[in-house]
Amino acid sequence: MAIMPQSLATPVDPGRTQTPGAAGALSDEMDERIFGAAFDGKVIQRFAKFLWPHRRRLLVALGGVVAFTATQLSIPLVIRTAIDRALTPPGVDGDLLDLITLAFLGVIAVNLVATYVQETIVGKTAERVLFDLRRAMYVHLQNLSMSFMDKTEVGRLMARLQSDVGALQEFLDTTVTTIGDILLLFGIVAVLLSLDWKLGLLTLSVVLVLLIVRMIWLPMAKKSFMHARQTSSIVNGALAENINGVRTVQEMLRERANFERFEVKARDNLRSHLRAAKFSQVMVPIVDTLTGTAMAIVVVVGGNRVLGGSLDLGVMVAFVFYVQRFFDPIRSLTIQYSVMQRAMASGQRIFEVMDVPVNIRDKPDAVTLDRIDGSIEFNHVTFGYLPGQPVLNDVTFTVAPGETVALVGPTGSGKTSITALIHRFYDVWEGTVRVGGHDVRDVTQDSLGHQVGMVLQEPFLFTGTIFDNIRFCTSGATRDDVIAAARAVGAHDFIERLPKGYDTMLEQRGGNLSLGQRQLVSFARAIVADTPILLLDEATASIDSYTERQIQIALKRLLAGRSGVVIAHRLATIRGADRIIVLNRGRIVETGTHRELLERRGLYHRLYSMNYASFDDIPEALIKDATESSST
Amino acid sequence: MDDAQARRAHPAEEPAQIFKGFGAITRILRMSAYYRWRLGIGVLATVIAANFQLLIPRYLGAAVDHAQSLLAATGANPDAARDALGWAALMLLGAGMLRGVFTMIHNYQGEAIGQSIGYELRLAYFEKLQRMSLAYHDRVHSGDLMTRGMLDIEGVRRFVDGAMLRTIVLVILLTYGGYRMMSTDLVLGLLALSFVPVVMWRGSMSSLLLRRTWRALQERMSVLTRIMEENLGGIRVVRAFAARDHELGKFDAASSDAITMAMRRVQIRYSNAAVMTFSYYTAMGLVLWAGGHKIIQGTITVGTLAEFLVFMAILQQPVRQIGMIVNSTARAFVSGARVFEVLDMEPAVRDRPGARPLRLADGVLRFEHVDFAYGGDSGDSPVLHDISFEVGPGRVLGIVGPPGSGKSTIAHLIPRFYDPTGGRITIDGQDIRDVTLDSLREAVGVVHQDTFLFTASVDSNVAYGDLDADRLRIVNATESAQLHDYIAGLPRGYETLVGERGLTLSGGQRQRLSIARSVLLTPAIITFDDSTASVDAVTEQRIRTALKDLTRDRATIIISHRLSSLMHADEILFIENGRIIERGFHDALLALGGRYRERYDLQMEFGDDPGLGASAARPAAG
C-alpha cells in the first residue's frame, strides 16, 4: 500500500476519503448483488464464447441428453406395451413378453451409455471451462493497468476468481440436469397427449394450479433466500477479520466480546437459513398433494374408461408412471432457479472484471527493445491519476547512462509517479518519456520490462525457496549467477546460515526473514535481472543500523554500471547520488549535487537543515513553511 | 435451535469437542444425536412419510386390478369396481398429501439439524481460533483457516441434511418397502431389490476413491489460490520484472495439476452413477419379465405387477441420489477431518488448572534466567538465553540489539503469547503461568510495530480493548499518541471508517493508533516493541513527553533500534544472539566502549537518528 501513488492512497479530496471502498475500482453494489435475474442474455452470450471451443463434445453430450430423455420416456411405454399386448386378454403371450423384455434391456443399455456420455462429458467440459474462465480473468488482470490494480483490493479479486467461478461450477454441474428436465417435461406432455389427449389435458390441468401457487410463493421465498445469503457473508467476514487480527484480539482481551458478537451474527445466520428452509420446504406438500390429485384423476377417470373399454389398461399404467415423474423436473427446476440466479450474478461480476479495458497496450508496430544505453528523458511531462488533478506538471529532465539520480521531495510531490512512468505503469497526459532514446509507448511492454528494473519500497517475496526468489523470472540464470548476486549485495552470508541455505523455503511473504534481509534478497533479484536501468524506491521504515550499512553498500553495487533513479529517503543515499532532483507539488524545484544544492540555500537546504532522518519524516506544517519561505 | 442455545452456556462443553479421536463422520453423527428431538421427529416423520409413500403403489395396484376387473371377465360388478376406483383415488390423494406433509417435516428437521451443527461448528471454530496461541497463527496460512471456516464447515452441513437423512430415507424405503414387497411375492421382491448389493459395492468403492481425490483436489486448489493471491498482492514486482509469462507458467502448472484431479473426480463420480442406475433398471426389467410370466401363469394379477413397478419408480429418485450421497459423504469425511483437526487442538498457552487472577501490587516485572526456543525444548536453536532483568513502577527499561537478536520475543513472552522454555517470568512475585491469562493480559500492554485495524470507526478501533471507554478517554489517548489532530481534521472525525474497506492510514498513523489503543487501557506494565519505527523522531519525542505523566507510576519497556528512543532509560540491555551482552545506563554503556558504543557511533555517522544529535538541545525529551 505504501508504494501506491500518494494521490490514490489518500485522495486529496477529503470528501472522497469518507466513502468506504471509494477507491475500489469494482463496484460495491456488484459485490452485494446476490439475487437478480435468473437469466441474463449478455452473461449467457459471453459465457457461450467459452463453451464454443468445446462445441463438438457438447454436441455429443446433447445427443446423450436427448437419448437419455428418450429412454426415460420409453420405459413406461415398454411397460404399457407389455401389459396391453402380452399380459392382458386377448393377447396373453409369453414369447412376446420375452421379446419386450429384450427391448427393455436394449432401452436401458442405451440409457447406460447415454448417461455415462452426457454426464462425464459435461462434467469434464464444465471443469475445463471453469479453469479457462479463471485463466482468462487472471490473464486479463496481468494486462490491466496499474491504476486499476492499485485501486482494487486483492481480496475482492480473489473472491471473483474463486467464489464466483465456484458459483458457476455449481450452475454448470446442474445445467445438464436442467436441460434433461426440460426435455423430459416436454416429452412427458407430448407422450401424455398422444396416448390419450383428453386424459392428458385433464391431468396436466393440475400443473396450472402449481404455476399459480409458485407465482405467489416466489417473491416471498426470494426475500428469505437473499437474507440467508447476506447473513452468511456477514458471518464469513467476521471470521476473516478475527483471524487476521487475532493478535490484537488476544492482547486486548476481546475474545469474549468478539465471541458474543459473533454468536449474534451466527445465530442470525442460523435463523435466516431456517426461515429459508421453511419457505423451500412448504412447497413439498403442495407438490405432493398435486401429484396425488393427478394420480387420483388418472385412477378415477382413466380407471372408469378402462372399465368402459375406451382406454387400454396399459395406457392407464403408463399415465401413472408419467405423472409420478412429471413433478420431479418441476421440483428440480425450482432448485435450479436459485442456482441460476446466483450464477448470473457471479457471471456479471466475472465479466465486469474482464470488461475493464486494458488502457496500456502495445502498439501494433511496437519495437522490441534490445540492450539499450540506459538514458532516460522526460520531456514536458504532465500526468495525474484523477482528471483535472495533475500530479506531475511539465516535468523535464534527463538521466545520462550510468548516472544515479536521487528524487527528493515531500510526500505527494510526485516521486513515485516518475518511476511509474519510466516503467510505463501509466501513460503520460502530455509530453514524452524516453528510455534509451525510445518513447516508452513505442516499444513492447515486455521488452521495456527487460530493460528497466525496479526495486520496491516493500520487498515482496513469493512462496518458494530463496533461490527461486532471487532468480525469479530470469529463467536463464544459473545457480552461480544467483550466488554471485547474493554475494554482491551481501546476502550470501545470512542465506548460507539458514537451515537449507539457498533452498530454504520462505514462509508466507518471507516471514522467516527480517525486513532488512528481505530487502537484500530483493536487491539480489534485481542484480540477476541485470537491467541497464534501475528504479529504486528506498524503504522508509527505519531499519537497524547494521543492516542499514549493508544496504548502503549493496545499493552501490546494485547501481554500479546502471542508470539509476532512486526515490531516496535517507540522507546517506541522497548524498551518495550523482545528482539530486528536488520535487515539490509535481514540479522540479531544484536540481544539482548535494553540495550545489546546499550552496543554493533553497528548499533542499531548508529541508536538509531541519535535521530529519528523511524528508518523509518532516511534518506537513514545517514543509509548508519551508516551501513558502523558499518561494518568496 | 433453542436446546442448542441452552447448552451453549459453557463453551468448553460444546459437543463439537467432546468426541475426540473418532472419525469425522462418526463425530458428525454423534453431534446430530445431540438434537435428539429434532432427529426423533425427523426420523419418525421419515417413517410415516415412507409408509404413506408405500401406500401409493398398493392403491395404484389395486386400482389397476379394479379397472381390469371387467376385462378379466370374472363377472365383477361395474358399480362396485367404480366405487373401488373412487376409493383408491381418494386414498391416493390422501396418501400423497400426508406423504408431502411428513416429508416436509422430515426435510425441515434435517436441514435444521444441519444448520444447527454448522452453527455449533462455526462458533466452536471461531472460539478455538481466538484461543490458539500465536505460535499456531504464525505457522498456519490465514487463507487456509478461512477455507476451513467457510467451505469445510459447509461441507459438513451439507452432509447432514443431504447425505445423512437421505440415507435414512433410502434405508427405510428399501427395508420396509422390500419387506412389504417380499411378503407380497418373495421372488419378485428379491428381484426388485437385486440392484442393492451392486449399488452398495460400487458406492463404497467410489466413496474411498472420491475421498482421496477430494483431499488431493483441495490441496491442489489451495496451491492455486496461493499463487493467484501472491501474484495479485505482488503485482508491482511482477510488472517491474516483466514476469507475466513466468507467473502464467506457475499458474498453468498449478491449474493443470488441479484440473487433472477435478477430472478424476468427475470420472469416478459419474461412471459409478451410470453403473448404479443401470443395475437399478436391470432389476426393473427382471421384475417386468418374471412378473409378466407370473401373470401369464395366473399366479399374480396385473395390479400386483403394477404395484412392484410403481414401487421401483418410487425408488428411482433416491437411487439417483446415491451418487450424490456418496460424493458428499466423501467430501464431509475430508472437510470434517479438517475442521475437527482445528477444534481438537489445544492452545499451547492456556490457564493452568487452578490458575488465579493476578494480584497486582506495584507492578514489578521480573525475568529470571529465561530461555526460549520457538520449537520448544528440543526444537530450533534457542532464541533467548538466560535473560534476567527487573523493571518496576516508574522505571524504564530499554532493550536494543541487531535484528533477529530476540528483542521482540521478549515482548511476546510478557503477555504469554509464548511460554519460556526455561526460567520464569513473574509479576509482583507471581509466576505468570500460574495466573489467569485474562488477568495477566489486562495488566500488561504491548504496542507492536505492525497493527491490525478492524473495519470499524476510528473510535471503536482506539477503544478496541475497552468497550466502555467514553469519548473523553479516547481523545486523551489519541492526544498522547499525537493522532488527535489528524483525526479531528477528518470530515467525519472519530466516526471515520478505517480498516480494509475504509480510510487507509499511513504506517506512522497506524502505529500511533496502536499506541493510543494500548494507552487507553492504562496497563501496569507497558512495552513498546519498535512501535515508533515508522513515526518520525520528532513526533516520537512528543509522544514520549505526552506519555510521561501516564507512565510515571508504571513499568515501561522500550524495544527499539533507534537509540534516541531509549537512551534515557533507567537500564539498557544490549542483546545479541539471544543473550544480554551489555547492560547499564546510556553514559555507562558509552563509556564501556563495547557494542552499544559501536552502534551509537554508527548511527551518528549515518545521521539517520536526529534524535541523538538533538538530544543535547532537548534534554528533557524521552
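In these legends, a residue is called buried when its relative accessible area is under 20%, exposed when it is over 50% and partly exposed in between, as judged with a 1.4 Å probe on protein chains only. The structure is a predicted model, in which local features need pLDDT of at least 70 and side-chain atom pairs count only at pLDDT 80 or more, while totals for chains, interfaces and linings use all residues. Residues are numbered from 1 along each chain as its sequence is written, chains are lettered from A and ligands numbered from 1 in the order in which they are written, and side-chain values use heavy atoms, with hydrogens and water left out.

**View 1. A salt bridge between B:Arg99 and A:Asp288.** A salt bridge is taken here as a side-chain nitrogen of Lys or Arg within 4 Å of a carboxyl oxygen of Asp or Glu, and for B:Arg99 and A:Asp288 the N to O distance is 2.7 Å. Because B:Arg99 belongs to helix 5 (residues 78-131) of chain B and A:Asp288 to helix 12 (residues 283-308) of chain A, the pair joins two chains; helices (H or I, at least four residues) and strands (E, at least two) are DSSP runs, numbered from the N terminus. B:Arg99 is buried at a relative accessible area of 16%, and A:Asp288 is likewise buried, at 4%.

**View 2. B:Gln115 in helix 5 of chain B.** With a relative accessible area of 4%, B:Gln115 is buried. Leaving out residues up to four places away in sequence, B:Gln115 touches A:Leu270, A:His273, A:Leu274 and B:Arg157, where contact means heavy atoms within 4.5 Å.

**View 3. A salt bridge between B:Asp434 and B:Arg352.** The closest N and O atoms of this pair are 2.5 Å apart. B:Asp434 lies in the loop between strand 5 (430-431) and helix 14 (437-443) of chain B, and B:Arg352 in the loop between helix 12 (302-343) and strand 1 (365-372) of chain B, so the pair ties together parts that are 82 residues apart in sequence. B:Asp434 is partly exposed at 36% relative accessibility, and B:Arg352 is partly exposed at 41%. Elsewhere in chain B, a network of salt bridges links B:Arg366, B:Glu368, B:Glu390 and B:Arg424, and the count over all chains comes to 42 salt bridges.

**View 4. The lining of the largest cavity.** A cavity is a set of points, on a 1 Å grid over the protein atoms alone, where a 1.4 Å probe fits but cannot get out, and lining residues have an atom within 4 Å of a point. The largest cavity holds about 120 Å³ of space and is lined by 14 residues, among which A:Gln72, A:Ile75, A:Pro76, A:Arg325 and B:Gln316 lie nearest its centre. Helix 5 of chain A gives the most to this lining, with 4 residues.

**View 5. The largest nonpolar core, of 137 residues.** A nonpolar core is a set of buried Ala, Val, Leu, Ile, Met, Phe, Trp, Tyr and Cys residues joined through side-chain atoms within 4.5 Å, and in the largest one A:Phe378, A:Ile470 and A:Phe523 touch the most other members. Helix 6 (residues 94-143) of chain A gives the most to this core, with 9 residues. Apart from its neighbours within four places in sequence, A:Ile470 is in contact with residues including A:Val482, A:Tyr502 and A:Arg525.

Definitions and conventions: On a 1 Å grid over the protein atoms alone, a cavity is a set of points where a 1.4 Å probe fits but cannot get out, and a pocket is an open set with protein on both sides within 12 Å along at least five of seven lines; lining residues have an atom within 4 Å of a point. Grid points are joined across faces, edges and corners, and a volume is the space filled by probe spheres set on the points.
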